[in-house]
Amino acid sequence: RRFLEEHAYNEAQKANSFTKFQSFLVRFPQSQYVSHVKQLKEDALYNQAKQENSLAACERYSREYPAGKYRETIDEVIETIKFRKARKLNTFSAYRDYLDEYPEGRYINQIPMMSGSSETQVWEFTREIDNFFQYNWFITRFPNSKFRKEAESLRASKKQSIKQLRD
């Protein structure tokens, strides 16, 4: 049994794949290598997600390791992939979906309706998004706007709604 375990461990390391590490753990749950193989398994899944650079691969990592050591990096990659998708579609609803999920996202200033548009166009977009973070962003971006008072009022209303949900 010891020889089989050693052999399986060496083979899993050579293959360096999530599946091989998982198989090892199922086959040898009491092995002295369990803790090391668990680390290698997480590393392998992260490297696979990084190499594939796909939403499915990154979400798989997130499901397997909700508190994993690469979670922050994977979350950034997921956000980037979702923004690229919105940019490729280049529609209002695609950008709204991105902002719904990432109201303080890293790519807000790259959204055409947010960066190169007139204050009025951005205000219309902000009204469509209709959330606390969007109003806050608008007020910060256009501090002297003719829409500022309305934006502050709507932001306060959204803040109150959030507070009521928490209570």
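The loop between α1 and α2 (18–27) holds N16, in a model that is predicted rather than determined by experiment. Although N16 is not a glycine, its phi is positive, at about 50°. N16 counts as partly exposed because its relative accessibility is 44%; here buried means under 20% relative accessible area, exposed over 50%, and partly exposed in between, with a 1.4 Å probe and protein chains only. N53 is found in the loop between α3 and α4, and its phi is near 50°, a positive value in a residue other than glycine. At 38% relative accessibility, N53 counts as partly exposed.

Residues are numbered from 1 along each chain as its sequence is written, and side-chain values use heavy atoms, with hydrogens and water left out. As the model is predicted, local features need pLDDT of at least 70 and side-chain atom pairs count only at pLDDT 80 or more, while totals for chains, interfaces and linings use all residues.

Now for the overall picture. The secondary structure of the protein chain comes to 10 helices and 0 strands, where helices (H or I, at least four residues) and strands (E, at least two) are DSSP runs numbered from the N terminus. The radius of gyration of the protein chain is 23 Å, well over the 15 Å that the globule rule gives for 167 residues, so the chain is more spread out than a compact globule. This radius is taken over C-alpha atoms, and the globule rule is 2.2 Å times the number of residues to the power 0.38. Along the principal axes, the C-alpha atoms fill a box of roughly 75 × 40 × 20 Å. Of the 167 residues, 37% count as buried. Among contacts (heavy atoms within 4.5 Å) between residues at least 6 apart in sequence, 42% join residues at least 24 apart.

An α-helix has 3.6 residues a turn, so residues three or four places apart point the same way.

The largest nonpolar core has 45 residues, of which F24, Y98 and F138 touch the most other members. Helix α3 gives the most to this core, with 7 residues. A nonpolar core is a set of buried Ala, Val, Leu, Ile, Met, Phe, Trp, Tyr and Cys residues joined through side-chain atoms within 4.5 Å. Leaving aside neighbours within four places in sequence, F24 is in contact with E5, A8, Y9, S31, Y33 and V37. T126 is found in helix α8 (residues 119–129) and counts as buried, at 0% relative accessibility. The side chains of T126 and Q134 are joined by a polar contact of 3.2 Å. Such a contact is a pair of N or O atoms within 3.5 Å; within protein, one must be able to donate a hydrogen and the other to accept it, and residues adjacent in sequence count only if both atoms are side-chain atoms.

Aromatic rings are the last topic. A search of the whole structure finds 17 aromatic pairs. Rings of Phe, Tyr and Trp (its six-membered ring) pair if their centres lie within 6.5 Å; planes under 30 degrees apart count as stacked, over 60 as edge-to-face and the rest as tilted. Y46 and Y70 form a stacked pair, 3.9 Å centre to centre with 10° between the planes. Y46 lies in helix α3 and Y70 in the loop between α4 and α5, so the pair ties together parts that are 24 residues apart in sequence. Y46 counts as buried at 11% relative accessibility, whereas Y70 counts as partly exposed at 21%. F132 and F133 form an edge-to-face pair, 5.5 Å centre to centre with 80° between the planes. Ring pairs also link F83, Y95, Y98, Y102 and Y107 into a cluster.
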